[in-house]
Amino acid sequence: MQANSPTPVPAPAPNPARAPAQKALPGTDPRVIIDTALDRTLQLLGVGTLTGADGLLKVQINVRNITDSPKWFSYKIEWFDKDGVLLPGASGENLPWMLLAGETSSIVATAPAVTAKDFEVAFLAGVK
């Protein structure tokens with residue numbers, strides 16, 4: 001998904017339920033949380049958002065495996081309304097993902113409802 005001028009979306013209020021072993025990467029998008037166990041595995045390359053003609057928020061998260069071996073992990077996306085409130089039933093399951101050594105990949109998702117105005121994605125060590 002390429003966008004000439006992505007619409008800026010404010011980050012939601014910090015999620016108090018976030019596990020202490022997870023953190024936002026310094027100097028990057030606070031909506032992307034990477035488990036500290038993946039610090040030397042995944043590199044966040046960028047985040048893009050846009051609102052489609054259908055009114056649904058679309059996100060693309062680009063990550064790279066910075067190791068010399070294939071790595072499995074999982075990720076989960078949660079969706080928030082304009083007030084930063086988690087949309088009930090709009091959060092997905094933990095999804096498994098694998099990147100080959102040095103591979104770059106994009107994770108693309110579309111919000112489940114037009115009321116979703118923001119998101120948070122968590123990358124978790126292992127496949128859960």
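A: Arg64 stands opposite Thr104, a residue of β7, and the strands concerned are runs of E assigned by DSSP, at least two residues long and numbered from the N terminus. This is a predicted model, in which local features need pLDDT of at least 70 and side-chain atom pairs count only at pLDDT 80 or more, whereas totals for chains, interfaces and linings use all residues. Residues are numbered from 1 along each chain as its sequence is written, and side-chain values use heavy atoms, with hydrogens and water left out.

Strand β4, which covers residues 57-65, is joined to β7 by seven bridges, and the two run antiparallel; strands count as paired if DSSP finds at least two bridges between them. The sheet is an open one of three strands, in the order β3-β4-β7, with antiparallel pairing. Because β3 (42-51) and β7 (104-110) each have a single partner strand, they stand at the edges, and one side of each is left without a neighbour in the sheet. From one strand to the next the twist averages 15°, where the axes are lines fitted to C-alpha atoms and angles run from 0 to 180 degrees between N-to-C directions.

As for the whole protein, it has eight strands and zero helices. Of its 128 residues, 40% are buried, that is, under 20% relative accessible area with a 1.4 Å probe, counting protein chains only. Among contacts with a separation of 6 or more, 64% are between residues 24 or more positions apart, a contact meaning heavy atoms within 4.5 Å.

Methods
Helix = DSSP H or I, 4+ residues; strand = E, 2+ residues; numbered from the N terminus. Buried < 20%, exposed > 50% of the residue type's maximum accessible area, 1.4 Å probe, protein only.
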